[in-house]
Amino acid sequence: MEKLEKEEITQALIVADNFTDNFAPFTDSKPLALMPIVNVPFLDYAIEFLNFSRIEETFIVVSNGIDQVRSHIEQTLKEYYIWSVKMTITVIGSEGSHSVGDVLRDIDAKGLIRGHFILMTADTISNANMIPLLEKHKQNVKFDKGACMTVLYMELPPNMCTGDEVTVAVDRFNNRLLTHQRQSTQRERKFSFGLEYFRLPSSAEIRHDYGDPQIAICSPTVLPLFADNFDFETRDDFIRGLLINEEILDSRIYVAELPAGEYAMKVSNWQKYKMVSNDIIHRWTHPLSPDMGIGLMKLQYNISKNLVYKNKSVQLARSSVLKGSLVIHEGSLVGEKSWISHSVVGKCCRIGNNCRISNSFIFDDVTIEDNCQLDHCVLGQGVVIKKNSTVSGGSVCGEKVTIPEKSSIEKLTVQSTPSEFFESTQKLGDSAYIVPEGEEEAGDSDEEDRDITQIKIKRMTPADPADHESDYSSSSDEDESHRASPVPEDANIFLSEVIDSLKRGFEDKSNPEFLVLEINSSRYAYNMSLSEVNFYVVQAIFHLSPLAEATGNVLAALKQIYGHLGPVLKNYIKGEAAMEDCLKAIQDLCQEKDNLKARVSQIVHFFYNVDLLSEEAIVSWYNDLGEDSKWLKEGLKKLIVWFEEASSDESSE
């Protein structure tokens with residue numbers, strides 16, 4: 001038996017469709033799996049991820065556009081993609097399928113799956129190593145014959161809203177899933193728990209910080225369970241059904257949390273498309289990053305400072321500006337005085353003179369004429385934007401759309417042909433028709449767990465959902481007044497890069513001058529003000545290992561870090577304004593961390609002793625603290641009294 005298990009081929013199943021219209025009109029003519037994200041089809045990311053995890057056989061199930069997917073796989077084989085060496089891929093048509101449940105019932109009927117397999121959707125981007133998770137799943141099956149699935153979750157930062165959050169209860173002893181509830185996309189200050197949460201065993205742990213990337217490791221029993229239960233349409237239906245009928249079905253689900261440093265996100269709407277695109281550009285998905293050449297064994301881009309990825313064939317006018325966080329593919333051209341930032345530009349695009357483009361995603365063969373402004377929009381293949389036009393507000397232009405001159409498009413979806421129920425008011429031009437916004441069907445309201453996120457977040461917006469307040473906040477007056485504001489996306493990434501630079505510099509004892517150059521480079525990449533840089537550099541210091549892990553002697557840890565990184569702090573904390581930024585950073589940190597809160601006076605005194613803070617700056621800041629900072633005023637009281645006594649002694653002398 002053990003010999004057979006060792007010889008078992010590791011298999012995976014990719015569902016190529018998401019069975020929604022969230023990416024219409026693009027998915028009207030081609031499968032979602034072939035839609036590009038950072039100039040690479042979703043499907044290529046999924047296959048590369050499985051190849052990293054040594055999957056030997058992959059089935060791609062397509063319900064719409066099977067010929068296009070087969071043609072794409074054949075083309076990748078001709079170009080000798082890396083995965084073609086050790087992985088076999090089979091494309092399977094499932095034309096009658098309208099849900100994940102239909103797909104799995106169809107696969108069960110075909111008898112293609114012979115053992116444990118990885119189940120995922122094509123629109124999931126991940127760099128996770130599935131090998132240890134697959135082995136852990138097989139161990140669970142050995143000890144629990146009813147273990148049918150291990151679902152993979154990724155821990156999300158505080159206040160981050162992706163549209164795919166879940167609240168679950170997990171048995172701490174064996175990681176068995178006890179309850180599962182998909183969160184609403186509308187962040188509210190109250191959250192309702194079902195009665196089942198109050199009947200949980202004492203070993204249960206409730207987690208509300210998980211994102212669901214729709215990756216699962218399945219036992220062979222999963223397919224028959226779907227086949228026997230035709231009401232299982234989605235994976236959520238499957239999980240809910242098994243939890244309710246656990247004893248009847250004799251099946252259990254386990255949970256695996258992604259290790260720190262690994263990434264997995266499902267791109268379920270345009271807002272997530274923007275979020276994950278930025279993560280790819282900023283290398284959170286490494287080695288699935290633009291310069292690595294996904295699947296191909298050749299360099300696609302040269303990377304320069306401020307995370308500008310540019311193909312060597314790109315033509316740039318001398319006065320054009322590439323601000324940062326930007327990808328431009330081969331054969332594209334940028335005209336005079338055009339400015340591009342935080343965007344992705346596909347192959348053979350033509351951008352005219354005096355254009356301003358930010359937070360936009362431009363597919364292949366797009367033409368943007370002079371004096372156009374694009375912000376938070378998506379332009380499909382072959383789109384033409386005529387002169388003096390503006391496209392913004394999360395607008396989406398489908399393939400071969402032509403926007404007339406001097407048009408202003410905001411919060412609209414436009415396609416090149418009229419819709420089925422065309423009205424004359426919807427026509428913008430000969431190849432530009434507004435797509436009517438669909439409304440949620442009344443029957444969907446009863447399906448609490450069924451893809452509610454797919455319905456509510458459809459359009460890309462300037463403000464990320466992460467800007468909402470956290471659901472889980474204390475109701476006390478003091479806590480509400482001190483609740484930390486969610487960190488904006490660019491600032492959050494900037495802080496992470498500063499932490500990484502200082503951590504590496506501290507561990508390797510790098511020259512502090514080089515660290516200052518790295519921080520300044522990140523500052524210009526994310527357009528941070530000097531005040532923000534001062535604030536986040538101080539915060540980054542307290543995220544380094546000696547201080548982050550310190551439970552008792554915080555001052556000793558602070559001295560250890562300052563011994564090497566002191567010149568970095570002195571470079572930024574200069575002048576009264578910088579001292580105020582430093583004190584604000586200390587206040588925020590001590591508010592969030594109990595081990596620092598009790599020692600706020602020692603921390604401020606240390607910064608004073610090393611000449612980073614002046615007595616005048618500390619006293620002025622202390623006097624400006626309001627009634628909502630009683631804990632801080634009480635903690636600093638002795639230090640302020642000491643300053644006053646020292647001043648009086650000097651004056652008497």
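## Aromatic pairs

How many aromatic pairs does the count come to? In this predicted model, the count comes to 16 aromatic pairs. Let's meet one of them: the ring centres of Y273 and F361 lie 5.3 Å apart with planes at 85°, so this pair is edge-to-face. Because Y273 belongs to helix α10 (residues 270-281) and F361 to strand β23 (residues 356-362), the pair ties together parts 88 residues apart in sequence. Both Y273 and F361 are buried.

Another pair is formed by F494 and Y536, whose ring centres are 6.2 Å apart and whose planes meet at 70°, so it is edge-to-face. Here helix α13 (residues 489-508) holds F494 and helix α15 holds Y536, so parts 42 residues apart in sequence are tied together. F494 is buried at a relative accessible area of 0%, and Y536 counts as buried at 10%.

Ring pairs also link F23, F26, F42, W270, Y273, F361 and F363 into a cluster.

## Helix α15

Let's look again at the helix that carries Y536. Of the 12 residues of α15, 9 are buried, so the rest of the structure largely encloses this helix. Among the buried ones are V533, F535 and I541.

## An open sheet

Now for the strands: 6 of them form an open sheet with parallel pairing, in the order β16-β19-β22-β24-β26-β29. At the edges stand β16 (315-316) and β29 (402-403), each with a single partner strand, so one side of each has no neighbour in the sheet. Within the sheet, 2 bridges join β19 (residues 333-334) to β22 (residues 350-351), and L333 has R350 as its bridge partner in β22.

## Charges over rings

Finally, the charged end of R356 sits over the ring of W339, 3.9 Å from its centre. K509 lies over the face of F506, at 4.2 Å from the ring centre.

Terms used. Residues numbered from 1 in each chain as written. Predicted model: local features only at pLDDT ≥ 70, side-chain atom pairs only at ≥ 80, totals over all residues. Heavy atoms only, no water. Buried < 20%, exposed > 50% of the residue type's maximum accessible area, 1.4 Å probe, protein only. Helix = DSSP H or I, 4+ residues; strand = E, 2+ residues; numbered from the N terminus. Pairing = 2+ DSSP bridges. Phe/Tyr/Trp six-rings, centres within 6.5 Å; stacked < 30°, edge-to-face > 60°. Lys NZ or Arg CZ within 6 Å of the ring centre and 35° of its normal.
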